[in-house]
Amino acid sequence: MSPKSKPVFDTRNLQAHPWHGVSVGDDAPEVITAYIEIVPTDAVKYELDKASGLMRLDRPQRFSSQCPTLYGFIPQTYCDALVAKRAAERTGLDVEGDHDPLDICVLTEKVIHSGNLLVRAVPVGGFRMVDGNEADDKIIAVLENDLVYGELAHIAQCPRALIDRLKHYFLTYKQLPNEGKRKVEIAEVYDRAEAHEVIRRSQKDYERLYGTPRAPVKATVKGKAAAKARRRAGR
């Protein structure tokens, strides 16, 4: 290949960005697609690099606190003014959005060994978490068709011990012994209907910032043939 030439490739074959390039699903908010970043056995915290769409190491888990469920976010959502307004209405606190995708915890009886994957999940409730002055909601969901948790429809049906462990994790996982106490609270535990409302608001916040999500491009037989011809021409 000459120094001035450049490789020709079909962008339709590139991996979709987990936040912007993956649909939340046609059945949202009743059933949604979730991108899982970490699993209960992770000894380090992984997080999506928003610019590249790749997973990056955020930080080691310095202490024994580990998330007891699958944990990630809902694609094509964003927590900004509308999510913050709902939190303020429900809690009376002066908060703003945390400017991140909407977080989600997914309950399953299966052992999943690593993150960086998509799952279909059914929201059953959530935590109205406030971190400093930011609304940091956590949607609680069950893995679709899970043999143990799949029939649960409301957060009140979830095992109390597991919900308590989730609360403890979110209230303590950023706290270091040599630092002052962080201002973090779970101001409300809400039901499925409110989880749907938060998801809808986060979708609207996303659309206000990034525009209406475009449908994924589907490669056709004709398109594949054209891409193959372009690759041959670029050799």
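In this predicted model, helix α1 meets helix α3 through A81, L82, V83, K85, R86, E89 and R90 on the α1 side, and through E194, E197, V198, R201, S202, K204, D205 and R208 on the α3 side. Sorted by type, the residues of this contact divide into 4 nonpolar, 1 polar and 10 charged.

**Packing of the two helices**
- Two packed helices are described by the angle between their axes together with the distance between those axes.
- For α1, which covers residues 81–91, and α3, which covers residues 192–210, the angle is about 145° and the axes are 7 Å apart.

**Helix α3 itself**
- The buried residues of α3 are E194, A195, H196, V198, I199, R201, S202, Q203, D205 and Y206.
- The elements that cover these buried residues include α1, β7 (117–131), β9 (138–143) and β10 (184–190).

**The second largest pocket**
- The second largest pocket has a volume of about 320 Å³, and 18 residues line it, of which K45, E47, Y71, D100 and D103 lie nearest its centre.
- Strands β2 (44–48) and β4 (70–73) each supply at least two residues of this lining, and β2 gives the most, with 3 residues.
- By type, the lining of the second largest pocket divides into 13 charged residues, 5 nonpolar residues and no polar ones.

Note on methods
Residues are numbered from 1 along each chain as its sequence is written. This is a predicted model: local features need pLDDT of at least 70, side-chain atom pairs count only at pLDDT 80 or more; totals for chains, interfaces and linings use all residues. Side-chain values use heavy atoms; hydrogens and water are left out. On a 1 Å grid over the protein atoms alone, a cavity is a set of points where a 1.4 Å probe fits but cannot get out, and a pocket is an open set with protein on both sides within 12 Å along at least five of seven lines; lining residues have an atom within 4 Å of a point. Grid points are joined across faces, edges and corners, and a volume is the space filled by probe spheres set on the points. Helices (H or I, at least four residues) and strands (E, at least two) are DSSP runs, numbered from the N terminus. Ala, Val, Leu, Ile, Met, Phe, Trp, Tyr, Cys and Pro count as nonpolar, Asp, Glu, Lys and Arg as charged, and the others, Gly among them, as polar. Axes are lines fitted to C-alpha atoms, for helices over the stretch in contact, and angles run from 0 to 180 degrees between N-to-C directions. Contact means heavy atoms within 4.5 Å. Buried means under 20% relative accessible area, exposed over 50%, partly exposed in between (1.4 Å probe, protein chains only).
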